[in-house]
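Here is a guided look at a protein model, written for someone just starting out. Keep the 3D view open and follow along.

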Amino acid sequence: MLYVSDSAPIAQPVLVLRLASRSGQHCKYTETLKEHGLNLVECFTHEAAQNAMQSGCRVGLLIVTQENDLAHLDSFEPFVSNNRVSWVGLVAQELVSMPRMREFIGEHLFNFITIPADLDHIVLTLRHAWGMSFMRDLRQCHQALQPAASEPGSDFTMVGKTPQMQQLFNQLGKVARTDASVLITGPSGTGKELAALSIHRQSARRNAPFVAVNCGAIAPQLFQSELFGYEKGAFTGASQRKIGRIEAAQGGTLFLDEIGDMPFDMQVNLLRFLQEKTIERVGGTDTIEIDVRVIAATHVDLAEAVRHGRFREDLYYRINVVCINMPPLADRGQDIEDIAKHYFTRFASTHNRSLRGFSKAAMNAMLSHSWPGNVRELVNRVQRATVMAEGRFIQPEDLGFDRSNSHAQLMSLEDARAAAERTMIRRALSQSRNQISRAASLLGVSRVTLYRLIEKYNIRPDMVAPGRPPLSNANNAAHDLEVHK
């Protein structure tokens, strides 16, 4: 026998949400629960439910008794997913077998009970839900009193199980065993610096420095002093010697990111360093031997830049000993889900510990997105979602996606074919003024096939073109339909 804690008094208000019901309609379960002393707050609109939650309701009873109620699930889903209310579903038994209902229950409800239901079972489940809500609120209050956790360090993990990534990992492992210069290409945000760091960490230079230089972020007039360093007094303001980025990477790896943005007049100095493995600081005369492994990366087509005279051909061949191409995220399929879950785990532990993961709609939206910003965009969206999400599961809106667009993109081939057939049949009937023989001819099918499709899609020919004046042959068309049914 289960006994409910005294922390869940029976007077605790319960928000009752009836999806398709109208105010004034009776429900035998709510009436019976009221008679047994439960404090029910019945709501029939979004506004009323929102006000009830703001007033302190922490337990909700969602009543779904008819198949028509399922059409309202999408509109109420953002509210029901709110993490401040623990929801119990009171669902008709025949609806539980429907995929949309099962998905909704699994993602958003604390528990559910099938109708017909035992009254004591409903009361006990509601009180358990209130107890869980009470514990959650208590935990959140405790966390609010704790000092903020420091931001975690950079995560340099490369995530991927697809064949493209397995091939990439194999290439990185091979390259790491040598000191050959490497050129990493690919669109922005694909993780070129992570690939360079992976090579460094697998190489014999792993215990030496890894120095990254963003060639597109350094002003042209400062490029030489930043890369090669300078001596004291080399120019106005040079009050002391400064070690350049190349010298700072001594014994390790120098990563030249976005090398395609390097000023043309600086490319000859870099070429000389790559050939001779020596540098001279600005304002100095001493030749310094440098032992570094050079890895370059760019989103620019360097071969094209060479043809247009924007990049030195000799430097291009010097850095392009081994070329590794990073695949765009949109081509990596299942990796999208794996990367999203990896960064969700990282960010949720900092921003929102009550989150459980991604809703099915959110995951579908991510899998159908084109990802022009690649992995960087995905990480950004996941981090934003862990901050902004209010429910237990991240929704498409939390990721910055439009829910209706994500559903449209994920239409199955069967649904798309049915929608296209339905549209074309309606157009043919409209153009033929509902003459079945002529419509079948326009569609290139037999009249028997057209009748079958009309019945399949529940199309009424006399309703295809509403608002038109009565057709002179409307009676003949109706008779034609009757004869061939």
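What follows is a short tour of some spots on this model, which is predicted.

**A positive patch**

Which residues form a positive surface patch? They are Arg417, Arg422, Arg426, Arg452 and Lys456. Two elements each give two or more residues to this patch, namely helix 17 (413-431) and helix 19 (447-456). Helix 17 is the biggest giver, with 3 residues. Lysine 456 has its place in helix 19. With a relative accessibility of 55%, lysine 456 counts as exposed, because exposed here means over 50%.

**Two asparagines with a positive phi**

Asparagine 434 is not a glycine, yet its phi is positive, at about 65°. You'll find asparagine 434 in the loop between helix 17 and helix 18 (436-443). Asparagine 458 isn't a glycine either, and it has a positive phi of about 55°. Asparagine 458 sits in the loop that runs between helix 19 and helix 20 (474-484).

Are these two asparagines buried or exposed? Asparagine 434 has 13% relative accessibility, so it counts as buried. Asparagine 458 has 65%, so it counts as exposed.

**A cis peptide bond**

Next, have a look at the bond that leads from isoleucine 115 to proline 116: this peptide bond is cis, and its omega is near 5°. Proline 116 belongs to the loop between strand 5 (111-115) and helix 5 (119-145).

**Buried side chains and their polar partners**

Time to go inside. Histidine 200 has its place in helix 7 (residues 192-202). Its relative accessibility is 3%, so histidine 200 counts as buried; the cut-off for buried is under 20%. What does the side chain of histidine 200 reach? It reaches the backbone oxygen of alanine 208, at 3.1 Å.

Arginine 281 is another one to click on. You can find it in the loop between strand 11 (278-279) and strand 12 (288-289). Arginine 281 counts as buried, because its relative accessibility is 10%. Its side chain is joined to the side chain of glutamate 231 by a polar contact of 2.9 Å.

**Apart in sequence, and apart in space**

Here are two pairs for which you can compare the sequence gap with the C-alpha to C-alpha distance.

| Pair | Apart in sequence | C-alpha to C-alpha |
|---|---|---|
| Aspartate 74 and arginine 100 | 26 residues | 9.8 Å |
| Leucine 302 and asparagine 320 | 18 residues | 9.8 Å |

Where do the leading members of these pairs sit? Aspartate 74 lies in helix 3 (residues 73-80). Its relative accessible area is 34%, so aspartate 74 is partly exposed. Leucine 302 has its place in helix 11 (residues 302-307). With 4% relative accessibility, leucine 302 counts as buried.

**One more look**

Before you close the viewer, go back to the positive patch and pick out Arg417, Arg422 and Arg426, which are among its members. Then turn to the loop between helix 17 and helix 18, and find asparagine 434 there. Finish with the side chains of arginine 281 and glutamate 231, and their polar contact of 2.9 Å.

Terms used
Residues numbered from 1 in each chain as written. Predicted model: local features only at pLDDT ≥ 70, side-chain atom pairs only at ≥ 80, totals over all residues. Heavy atoms only, no water. Patch = residues over 30% accessible without salt bridge, like charges linked within 9 Å, V, L, I, M, F, W, Y side chains within 5 Å. Areas by Shrake-Rupley, 256 points an atom, 1.4 Å probe, with all protein chains shown as cover. Salt bridge = Lys/Arg side-chain N within 4 Å of Asp/Glu carboxyl O. Lys, Arg positive; Asp, Glu negative; His and termini not counted. Charge placed at Lys NZ, Arg CZ, Asp CG, Glu CD. Helix = DSSP H or I, 4+ residues; strand = E, 2+ residues; numbered from the N terminus. Buried < 20%, exposed > 50% of the residue type's maximum accessible area, 1.4 Å probe, protein only. Polar contact = N/O pair within 3.5 Å; in protein donor to acceptor, adjacent residues only side chain to side chain.
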